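Dear colleague,

Please find below the structure that I am handing over to you. My notes on it come after the sequence and the coordinates.

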Amino acid sequence: MLPFDFLEYQDRLKKTKKKMEERGIEVLLVTDPANMNYLTGYDAWSFYVHQMVAIVIDEPQPIWLGRYQDANGAKVKTWIYDENVIAYPDYYVHSDKFHPMDYMAEILTQIGQGNRNIGVEMDHYYFSAKAFERLKKGLPNAVFKDGDLLVNEVRLIKSDQEIGYMKKAAILAERAMHHGIESIRAGVRESETAAKISYYMISGTEEFGGEYASIVPLLPSGKNTGIPHLTWSDRKFEDGDSVIVELAGCYQRYHVPLARTVNIGAPSPHLEKLAPVVAEGINHVLEKAKPGVTCGEIEEVWRKSIGRYGLEKEARLGYSVGLGYPPDWGEHTASLRRGDNTVLQPNMTFHLIPALWFDKYGIEISETFRVTEKGSETLTNYPRDLIIKHPFIFNQHEGEIS
């Protein structure tokens, strides 16, 4: 059931241990489900309770620590030995008296790891302040170090098989975008379009199916297009509305995001002027993106491109993307923004989202691209224009909609 060969997991583990050594970490407690998946293959919707993978620098096997009812899943969906799957009983779950980190601290002590330099992922969604406090209490002889983004940094450069999975995710993104946009017209509810997108994201093609994405379809419309990250409502689209569609295809947990802007009927003069400016900026960025260039240099190209039209963007231009679990498909490492000195290397992948938001309107046209040996390539192939949906007109003479 593993999506990658055993040797690829071994290579990932080797690179992780090298970074652990550089940071002076002897035991790394991995609690981000994307990083757990990356190192072991573990994939389940169990991240709402505390779980972790412990990487011991001088041990060949990781240790999976999680809830008892999830242990069989860890035995089936990881490459590690069954005896390295250790589970805590259910009375630790959502208890005001017991905490899973108490149990995990006890296990680490029993296997002789209680007095070592222990790294924890300090700044992500699944490792709470309380979890850290209970770990420190249970491991008084340990020295805790910040292991945040250590595995994420290893994930930055993809293997060819990871790129292959992302290319399948790109096909799913294209299909979902096509059918989502096809459904947008006056009188249709936003929720109906979200349902269409979700169906095609998951149903997939004849050859392969899709998965749930780390972020639900984002679908602001009308005056709300100036507000990023809105989902859908049961509001009906109206003639003249602009609609922003942001989604991602997902295959084997690898994401390829894609965003486009749609207008029902003639667009406003603002959007008509913005669309070619954004498309021009995207072209300049993709021409600049190649090995040896920094993320900051890419952002500078975009800034100068739109600056010629008197525009500026406050938010970052994009970010590294790939393997992910809710609530985010970003990797939290490299960002396309001023001051980021990350040097592009082949098989890095980024979501380029040069969105512009104003008080009452906005535009999003995004691409996910891969850095190649000589330049860059977009993973999707979808028109990069402002998409105009002409209103349906009822032909009284023919008795049909045209």
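The notes below go from the whole chain to single residues.

This is a predicted model, in which local features need pLDDT of at least 70 and side-chain atom pairs count only at pLDDT 80 or more, while totals for chains, interfaces and linings use all residues. Residues are numbered from 1 along each chain as its sequence is written, and side-chain values use heavy atoms, with hydrogens and water left out.

Overall form

The protein has 10 helices and 18 strands; helices (H or I, at least four residues) and strands (E, at least two) are DSSP runs, numbered from the N terminus. Its radius of gyration is 23 Å, close to the 21 Å that the globule rule gives for 402 residues, so the protein is as compact as a globular protein of that length. That radius is taken over C-alpha atoms, and the rule is 2.2 Å times the number of residues to the power 0.38. Along the principal axes, the C-alpha atoms fill a box of roughly 80 × 45 × 40 Å.

Of the 402 residues, 55% are buried; buried means under 20% relative accessible area, exposed over 50%, and partly exposed in between (1.4 Å probe, protein chains only). The protein exposes about 18200 Å², and carbon and sulfur atoms supply 49% of that area. Accessible areas come from the Shrake-Rupley method with a 1.4 Å probe, and for residues only the protein chains shown count as cover. Among contacts (heavy atoms within 4.5 Å) with a separation of 6 or more, 68% join residues 24 or more positions apart.

Nonpolar cores

In soluble globular proteins, nonpolar side chains tend to be buried together. A nonpolar core is here a set of buried Ala, Val, Leu, Ile, Met, Phe, Trp, Tyr and Cys residues joined through side-chain atoms within 4.5 Å. The largest one has 46 residues, and those with the most contacts inside it are Leu28, Val30, Tyr38, Ile55, Trp64, Val151 and Tyr254. Helix H7 (residues 160–183) gives the most to this core, with 5 residues. Apart from it lies another core, of 29 residues, including Val278, Ala289, Ile365 and Val371.

Leaving aside neighbours within four places in sequence, tyrosine 38 is in contact with Tyr9, Arg12, Val151, Val154, Arg155, Glu162, Tyr254 and Leu323.

An open sheet of 6 strands runs in the order S4-S3-S2-S1-S5-S6, with mixed pairing; two strands pair if DSSP finds at least two bridges between them. Strand S4 (85–88) and strand S6 (143–146) stand at the edges with a single partner strand each, so one side of each is left without a neighbour in the sheet. On average, neighbouring strands of this sheet are turned by 25° against each other, direction ignored. Strand S5 (residues 117–120) pairs with S6 in the parallel sense over 4 bridges, and valine 120 has aspartate 146 in S6 as its bridge partner.

Helix H1 (residues 6–23) packs on the sheet, where it touches strand S1 (27–30), strand S2 (52–56) and S6; the direction of H1 makes about 70° with that of S2. Helix H2 (residues 33–40) also packs on the sheet, touching S1, S2 and strand S3 (63–67), and its direction makes about 55° with that of S2. Axes are lines fitted to C-alpha atoms, for helices over the stretch in contact, and angles run from 0 to 180 degrees between N-to-C directions.

Residues in loops

Tryptophan 45 is found in the loop between H2 and S2. Not counting residues up to four places away in sequence, tryptophan 45 touches Tyr212 and Pro326. A cis peptide bond, with omega about 15°, joins proline 326 and proline 327. Proline 327 lies in the loop between strand S9 (318–325) and strand S10 (328–336).

Glutamine 252 has a positive phi of about 55° although it is not a glycine. Its place is in the loop between strand S7 (242–251) and strand S8 (254–264), and glutamine 252 is partly exposed, with a relative accessible area of 27%. Asparagine 347, in the loop between S10 and strand S11 (349–352), has a positive phi near 75°. Asparagine 347 is buried, at a relative accessible area of 8%.

With kind regards
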